[in-house]
Amino acid sequence: PDLFGHVESGVFRCSAVVETPSLPFLRALHLASVLVLTPELASRPLLALVEEQGIRLNHIANKPAIRAHTQTTSAGIVGNAQNWKYLSDEVVKEGLEFVLQAANHPVLIVCTSGIHETGAFVGCLRRMLGWNFNSIVVEYRCFAGSKSRYLIQQFIELFDTDLIRLPRHQDLPFWFQEYLLSQAEAEEERSNILVSRIGIN
């Protein structure tokens, strides 16, 4: 499919405009769910695949509670009435909480363009995984190319990751469990170094 990418184990991305020739490839992923980040429906072939394989479709940008906080501009951008954005914080928050539930994997993340909303979403996930911001921008630009937009990068940088409510540790994907473990080990090492320095002094 256009703009297909492997984000993490069990997490994939592409444009929501999936053509019929791409369906055998997507079938081979044995998807459990599809996450749609834009108000527009996914393409008919993708919706047909969802129905055929009993895949869970989470169209979060089209939920009443989400639409109450956002509006669609003439450019097809989801935004707040006072301070429009490519995505609302509510969409990203709910989407990240969905993706961080291992029970929803394998999951395919899509938006109409396959670039902007998905790029912002994946960038926010990378921040939760402790990526350097420059590396996040490089990944976004690899998919966006000449269509990259500064406001997307700004959204990623300013998104408040503390909004995310993590599931129980055992319900997280193994790769996020490993990240949390590495953070705990790094914090313990820093604490031990600090204690040893205090002991020397």
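How many helices and strands make up the secondary structure of the chain? In this predicted model, the secondary structure comes to eight helices and seven strands, and the legends below take up several parts of it in turn.

**View 1**
The chain has 201 residues, of which 44% count as buried. Its accessible surface comes to about 10700 Å², and carbon and sulfur atoms account for 52% of that area. When contacts between residues at least 6 apart in sequence are considered, 67% of them join residues at least 24 apart.

**View 1. Helix 2, with its buried residues and what covers them.**
Helix 2 spans residues 44–53, and its buried residues are P45, L46, L49 and V50. Seen down the axis of the helix, these buried residues fall within an arc of 145°, so they line one face of helix 2. The face turned away from that buried side carries the exposed residues R44 and E51. The cover over the buried residues of helix 2 includes helix 1 (23–27) together with strand 3 (33–36), strand 4 (56–59) and strand 7 (107–111). Just after the helix comes G54, which takes a positive phi of about 65°.

Helix 6 is made of twelve residues, 133–144, and reaches 16 Å from its first C-alpha to its last, which is close to the 16 Å expected at 1.5 Å a residue. The buried residues of this helix are I136, V137, E139, Y140 and A144. They cover an arc of only 160° around the axis, which puts them on the same side of helix 6. On the other side of the helix, N134, V138 and C142 are exposed, whereas the buried residues pack against helix 5 (116–128) and helix 7 (150–158). The N-terminal end of helix 6 is capped by N132, a side-chain oxygen of which lies 2.8 Å from the backbone nitrogen of N134. Just after helix 6, G145 takes a positive phi of about 60°.

The structure holds zero disulfides. C111 is in no disulfide, and the cysteine sulfur nearest to it, that of C14, is 9.2 Å away. C111 is buried, with a relative accessible area of 0%, and C124 likewise counts as buried at 0% relative accessibility. T118, a residue of helix 5, is also buried, with a relative accessible area of 0%.

**View 2. L3, in the segment before strand 1.**
L3 has its place in the segment before strand 1 (5–8), and it is partly exposed, with a relative accessible area of 28%. Which residues is L3 in contact with, leaving aside its neighbours within four places in sequence? They are R13, C14, S15, S113, G114, I115 and F143. L3 and F143 stand 140 residues apart in sequence, but in space they are 6.8 Å apart, C-alpha to C-alpha. The backbone of L3 also has a phi near 60°, a positive value in a residue other than glycine.

**View 3. Backbone details in two loops.**
Most residues other than glycine have a negative phi, and most peptide bonds are trans. H30 has a positive phi of about 55° although it is not a glycine. This residue has its place in the loop between helix 1 and strand 3, where H30 is exposed, with a relative accessible area of 61%. A cis peptide bond joins H105 and P106, with omega at about -5°. P106 is found in the loop between helix 4 (89–99) and strand 7.

Technical notes
Residues numbered from 1 in each chain as written. Predicted model: local features only at pLDDT ≥ 70, side-chain atom pairs only at ≥ 80, totals over all residues. Heavy atoms only, no water. Helix = DSSP H or I, 4+ residues; strand = E, 2+ residues; numbered from the N terminus. Buried < 20%, exposed > 50% of the residue type's maximum accessible area, 1.4 Å probe, protein only. Contact = heavy atoms within 4.5 Å. Areas by Shrake-Rupley, 256 points an atom, 1.4 Å probe, with all protein chains shown as cover. Arc of directions from axis to C-beta. Disulfide = S-S within 2.5 Å. Expected span 1.5 Å × (residues − 1). Polar contact = N/O pair within 3.5 Å; in protein donor to acceptor, adjacent residues only side chain to side chain.
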